[in-house]
Amino acid sequence: MASFILDKAHEVVRASVKPGDTVIDATVGNGWDTAFLARLVGPDGRVVGFDIQTAAIDAARRRLAAEDLLERCWLFEESHEHPAGSLQAAGAGPPTAVMFNLGYLPGGDRSITTRAEATIGSLRRMIDLLVEGGVITVVAYKGHRGAADEVDELEEWSAALDKRRFSCELIEDPTGPPHAPILFVVRKLSSLRAAT
Ligand SMILES: C[S@@+](CC[C@H](N)C(=O)[O-])C[C@H]1O[C@@H](n2cnc3c(N)ncnc32)[C@H](O)[C@@H]1O
């Protein structure tokens, strides 16, 4: 499961999250990223996770339970499009990091994938909720049906962000094949920095 881009996403998030933080896994899948986040925030932190598939939530719960991480995770079997209510239900504060890993559930039904419209809608809300100095990572794929549209819309969305308030970086695997995943890193600047 290791890849240049997935490792990069972890590296970026690791540098921004400290024990006790609230973080969001917007696409829980098999729970690899959820477990990574749960280790980072520690026993006093909270991970709020979303996935629309029962199979994903069940797989992630099993992984988290096996590592004794379940108690710090609130998993919602619903779309990531309306995170505010779920954060409140989890008793969680604003997130310092949000991770998206787009596409389909590995080992699951490949016809169920993230969709551009829901992803962009969710990003708009996540970025509002994010703390200043917080980060959003989006790992995006180009190979499956609908993936190219999703990448196009992500590029459009990120290019239109107010550069006084947000920074956006696109990271690609320099040695990867043409359809290798890419990583968007969006940071919410502190108001102090944004004002200068
Ligand atoms: C590539 S997988 C995620 C992998 C996961 N991060 C991991 O570490 O195993 C993408 C997941 O996004 C989920 N998904 C698709 N649309 C979604 C939505 N609107 N809200 C939340 N999850 C969604 C799919 O069900 C799938 O499990």
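Val-13 is buried, with a relative accessible area of 0% (buried means under 20% relative accessible area, exposed over 50% and partly exposed in between, with a 1.4 Å probe and protein chains only). The model is a predicted one, in which local features need pLDDT of at least 70 and side-chain atom pairs count only at pLDDT 80 or more, while totals for chains, interfaces and linings use all residues. Residues are numbered from 1 along each chain as its sequence is written, and side-chain values use heavy atoms, with hydrogens and water left out.

Val-13 sits in helix α1 (helices are DSSP runs of H or I with at least four residues, strands are runs of E with at least two, and both are numbered from the N terminus). Leaving aside residues up to four places away in sequence, Val-13 touches Phe-36, Leu-37, Leu-40, Ala-97, Met-99 and Thr-137; contact here means heavy atoms within 4.5 Å. Pro-177 is 164 residues from Val-13 along the chain, and 25 Å separates their C-alpha atoms.

Buried in α3 are Ala-56, Ile-57, Ala-59, Ala-60 and Leu-64. These cover an arc of only 165° around the axis, which puts them on the same side of α3, the arc being that of the directions from the helix axis to the C-beta atoms. Their cover includes α2 (32-41) and β3 (73-76), whereas Arg-62 and Ala-66 are exposed on the other side of α3. Just after the helix, Asp-68 takes a positive phi of about 60°.

On a 1 Å grid over the protein atoms alone, a cavity is a set of points where a 1.4 Å probe fits but cannot get out, and a pocket is an open set with protein on both sides within 12 Å along at least five of seven lines; lining residues have an atom within 4 Å of a point. Grid points are joined across faces, edges and corners, and a volume is the space filled by probe spheres set on the points. The structure holds 1 cavity of 30 Å³ or more, and Met-99 and Thr-137 are among the residues that line the largest cavity. The largest pocket has a volume of about 570 Å³.
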